[in-house]
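The exercises below each begin with a task and then work through the solution step by step. Look over the sequence and the model before you start.

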Amino acid sequence: MEGVLVRKIKKICVFCGANSGKDVAFVNAAFHLGKVLGKRKIDLVYGGGKLGLMGCVSTAVAQHERQVLGIIPSAFTINNLVGETCGKEIKVATMQERLVMMVELSDAFIALPSGFGTLEELFQMISWAQLNIHNKPIGVLNINGFFNGLLSFVDHAVKQEFITPRARKILISATTADELVDKLQAFRFEPDPALSKLKWSPSSSQKEKLDLTLRL
């Protein structure tokens, strides 16, 4: 990364699920990601619990003596549904409150192979970046081509002019943890000039008008 201005990343939020998937490669990659974060002295923010890939990545980060913070809806803690969080835990009332706190406490986001919940979190982060709610890098760890179909769909949406080329740059992908973290550190946010006028402070009662021809 010589000659590239490196973004300082202290905490990464990893989106993943309570399942391990069919292929043991997913488990191995989740453990390796946690190891990479630990070696790079990056702390982990995640959804809490110890099941599936969430347990793999959080355990690996903790083993490398980095801080682990699980943000978990109280409903998931009833009857120990997802297991004990590896590290500190913050309980919240709703899924949306959880995601807002993840944004506030993290410097970047990584999605691992998983299901609908992770995809929802991933695309909400992308949408919020597009709307200039945050300017933090977002990437997927494309283990064994898991995200190939999704990435092809996003590129198809660009070709059909539903997603702008500028917005497409928000979603980063890599096949290894080291490569992905390098890309997150090198990411430079390029907000849409019109969308950058939006004011998202809690005190704002009105939002700036947008050119309705923009493809959101």
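**Exercise 1.** How many residues of the lining of the largest pocket are nonpolar, how many are polar and how many are charged?

*Solution.* Begin with the setting: the model is predicted, and its largest pocket has a volume of about 270 Å³. The lining of this pocket is made up of 21 residues, of which C16, G17, M54, F76 and R98 are the closest to the centre. Sorting the lining by residue type then gives eleven nonpolar, seven polar and three charged residues.

**Exercise 2.** Determine which helices and strands each supply at least two residues of that lining, and which one has the largest share.

*Solution.* The elements that each supply at least two residues are the strand β1 (11-15) and the helices α4 (95-105) and α5 (116-130). The largest share belongs to α5, from which five residues of the lining come.

**Exercise 3.** Locate N132 and N144, and decide whether each is buried, partly exposed or exposed.

*Solution.* N132, however, has a positive phi of about 65 degrees, and N132 lies in the loop that joins α5 to β6 (138-141). Its relative accessible area is 24%, and because this falls between the limits of 20% and 50%, N132 is partly exposed.

N144 also is not a glycine and has a positive phi, near 50 degrees, and its place is the loop between β6 and α6 (148-159). The relative accessibility of N144 is 59%, which is over 50%, so N144 counts as exposed.

Terms used:
Residues are numbered from 1 along each chain as its sequence is written. This is a predicted model: local features need pLDDT of at least 70, side-chain atom pairs count only at pLDDT 80 or more; totals for chains, interfaces and linings use all residues. Side-chain values use heavy atoms; hydrogens and water are left out. On a 1 Å grid over the protein atoms alone, a cavity is a set of points where a 1.4 Å probe fits but cannot get out, and a pocket is an open set with protein on both sides within 12 Å along at least five of seven lines; lining residues have an atom within 4 Å of a point. Grid points are joined across faces, edges and corners, and a volume is the space filled by probe spheres set on the points. Helices (H or I, at least four residues) and strands (E, at least two) are DSSP runs, numbered from the N terminus. Ala, Val, Leu, Ile, Met, Phe, Trp, Tyr, Cys and Pro count as nonpolar, Asp, Glu, Lys and Arg as charged, and the others, Gly among them, as polar. Buried means under 20% relative accessible area, exposed over 50%, partly exposed in between (1.4 Å probe, protein chains only).
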